[in-house]
Amino acid sequence: MDTLMMILNYMREHPTAVLILTTVLILAAIAVLAAFIHDSKKVDAVSAKPLSFTAEQARQVTMQRRSNPTRFVFIIPAKLVKDDSINEWANVIAPRLGTGFQVCEVTIIPQKMWFPARYKVTFAKLEALR
């Protein structure tokens with residue numbers, strides 16, 4: 001009971017510290033929520049029907065985006081997909097990313113010394129292409 005009274009007393013004596021702590025906690029919760037949404041959107045996209053990746057395969061895929069995305073860039077290892085299936089997946093998944101997204105380009109990043117070959121699939125909003 002003494003601990004609770006000490007905390008309440010501290011909150012009355014130092015309201016700015018409580019405000020700063022509350023602000024930090026809220027910002028941390030927003031950052032965690034944004035990371036969760038980012039990961040869920042990536043997993044949702046790569047588990048769509050033409051690719052149907054498992055959770056382990058989805059971890060190998062990277063997705064680049066910004067806070068107000070006009071582009072989504074997926075980098076997918078080439079050993080997981082074939083050329084036809086990546087193009088079919090790109091056409092199917094574009095509407096699921098949001099309103100106005102379409103496939104901008106699908107390129108192959110060639111294999112380098114320690115890096116395997118990858119596909120780079122870019123989706124962009126129609127306004128960003130103009």
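**Ground rules**

I am working with a predicted model, where local features need pLDDT of at least 70 and side-chain atom pairs count only at pLDDT 80 or more, while totals for chains, interfaces and linings use all residues. I number residues from 1 along each chain as its sequence is written, and my side-chain values use heavy atoms, with hydrogens and water left out.

**Overall fold**

I looked up the secondary structure and found 5 helices and 4 strands in the chain. Here helices (H or I, at least four residues) and strands (E, at least two) are DSSP runs, numbered from the N terminus. Along the sequence I read the pattern α-α-α-β-β-α-β-β-α. The radius of gyration is 22 Å, well over the 14 Å that the globule rule gives for 130 residues, so the chain is more spread out than a compact globule. For that I used C-alpha atoms, and the rule is 2.2 Å times the number of residues to the power 0.38. The C-alpha atoms fill a box of roughly 65 × 35 × 30 Å along the principal axes.

**Burial and contacts**

I find that 25% of the 130 residues count as buried, meaning under 20% relative accessible area (1.4 Å probe, protein chains only). Next I checked contacts (heavy atoms within 4.5 Å). Among those between residues at least 6 apart in sequence, 52% join residues at least 24 apart.

**Aromatic pairs**

How many aromatic pairs does a search of the whole structure find? I get 4 aromatic pairs. My criterion: rings of Phe, Tyr and Trp (its six-membered ring) pair if their centres lie within 6.5 Å, with planes under 30 degrees apart counted as stacked, over 60 as edge-to-face and the rest as tilted.

I looked at Phe 74 and Trp 89: the ring centres are 5.5 Å apart and the planes at 90°, so this pair is edge-to-face. The pair links distant parts of the chain, with Phe 74 in strand S2 (residues 71-77) and Trp 89 in helix H4 (residues 83-97), 15 residues apart.

I then turned to Trp 89 and Phe 123, whose ring centres lie 5.8 Å apart with planes at 75°, so that pair is edge-to-face. Phe 123 sits in strand S4 (residues 118-125), 34 residues from Trp 89 in helix H4.

Notes: Buried means under 20% relative accessible area, exposed over 50%, partly exposed in between (1.4 Å probe, protein chains only).
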